[in-house]
Amino acid sequence: CGVTFVPPALSRRAVLAVILGNAQVAEAANPSWEGKYSDPRHVGCKREIVQNGARLTVTGTKGIPGPGCNAESTEIKTWSLPDAASVKAADAQKIVIDFSPKGGPKDLEAVWDGDGIKFADGNKWTKIG
């Protein structure tokens with residue numbers, strides 16, 4: 001009869017991915033914010049997001065002198081931002097991160113960009129693990 005049952009938990013993008021068999025659409029539909037990232041503005045420095053329910057904790061390192069973490073760094077400082085952001089839904093494409101405890105912006109918008117996180121300031125963290 002040509003009718004396909006779609007469980008209500010799937011987003012429209014996920015349904016489209018199933019119909020088209022497009023893994024890239026499925027990946028974009030449900031970003032996994034948790035993971036390790038590379039940051040082109042701080043090469044070699046750690047960037048990691050841990051998800052606990054809807055809450056995201058962002059951690060990283062900073063090289064002294066910066067901006068990167070490399071052999072020229074005389075010191076590597078670790079920072080942690082517990083509950084820096086929250087995920088509104090399982091397929092949320094946007095988050096807002098509070099970097100103010102480490103001297104950054106309070107409400108920096110970020111969107112899932114297929115293979116990483118694109119920030120409103122133009123930076124992009126690419127997911128590496």
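**A buried glycine and beyond**

Analyst: Gly116 counts as buried, at 0% relative accessibility. Buried means under 20% relative accessible area, exposed means over 50%, and partly exposed lies in between (1.4 Å probe, protein chains only). This is a predicted model: local features need pLDDT of at least 70, side-chain atom pairs count only at pLDDT 80 or more, and totals for chains, interfaces and linings use all residues. Residues are numbered from 1 along each chain as its sequence is written, and side-chain values use heavy atoms, with hydrogens and water left out.

User: Where is Gly116 placed?

Analyst: Gly116 is in strand E7. Strands (E, at least two residues) and helices (H or I, at least four) are DSSP runs, numbered from the N terminus.

User: What does Gly116 touch, leaving aside neighbours within four places in sequence?

Analyst: Tyr37, Val111, Lys124, Trp125, Thr126 and Lys127. Contact means heavy atoms within 4.5 Å. As for Ser38, it is 78 residues from Gly116 along the chain, and their C-alpha atoms are separated by 9.1 Å.

User: Zoom out. How many helices and strands does the protein chain have?

Analyst: Two helices and eight strands. Along the sequence the pattern reads α-α-β-β-β-β-β-β-β-β. The chain has 129 residues, and 33% of them count as buried.

User: Which residues touch the most other members of the largest nonpolar core?

Analyst: Val58, Ile97, Phe99, Ile117 and Phe119, out of 20 residues in that core. Strands E3 (55–64), E4 (75–86), E5 (94–97), E6 (108–112) and E7 (116–119) each supply at least two residues of this core. The largest share, four residues, comes from E4. A nonpolar core is a set of buried Ala, Val, Leu, Ile, Met, Phe, Trp, Tyr and Cys residues joined through side-chain atoms within 4.5 Å.

User: Take Val58. What does Val58 touch, not counting residues up to four places away?

Analyst: Its contacts are Glu48, Ile49, Trp79, Ser80, Leu81, Ala84, Ile97, Phe99 and Trp125.

User: Now Arg47. Is Arg47 buried or exposed?

Analyst: Buried, with a relative accessible area of 5%. Arg47 is found in strand E2 (residues 47–52). A polar atom of the Arg47 side chain lies 2.8 Å from the backbone oxygen of Thr61. Beyond four places in sequence, the contacts of Arg47 include Gly35, Tyr37, Asp39, Trp79 and Trp125.

User: New topic. How many disulfides does the structure hold?

Analyst: One. A disulfide is a covalent bond between the sulfur atoms of two cysteines. Here a pair counts if the sulfur atoms are within 2.5 Å. Cys45 is joined to Cys69, S to S 2.0 Å. The link of Cys45 and Cys69 is right-handed, with 95 degrees about the S-S bond.

User: Where do Cys45 and Cys69 sit?

Analyst: Cys45 is in the loop between strand E1 (35–38) and E2, and Cys69 is in the loop between E3 and E4. They are 24 residues apart, so the pair links distant parts of the chain. Both Cys45 and Cys69 are buried.

User: Last one. Where does pLDDT stay under 50?

Analyst: Over residues 23–28. The model has eight contacts beyond four places in sequence for that stretch. pLDDT is the predictor's confidence in each residue, from 0 to 100. Where pLDDT is low, the predicted coordinates should not be read in detail. The protein chain averages a pLDDT of 85, and 77% of the residues score at least 70.

Terms used. Polar contact = N/O pair within 3.5 Å; in protein donor to acceptor, adjacent residues only side chain to side chain.
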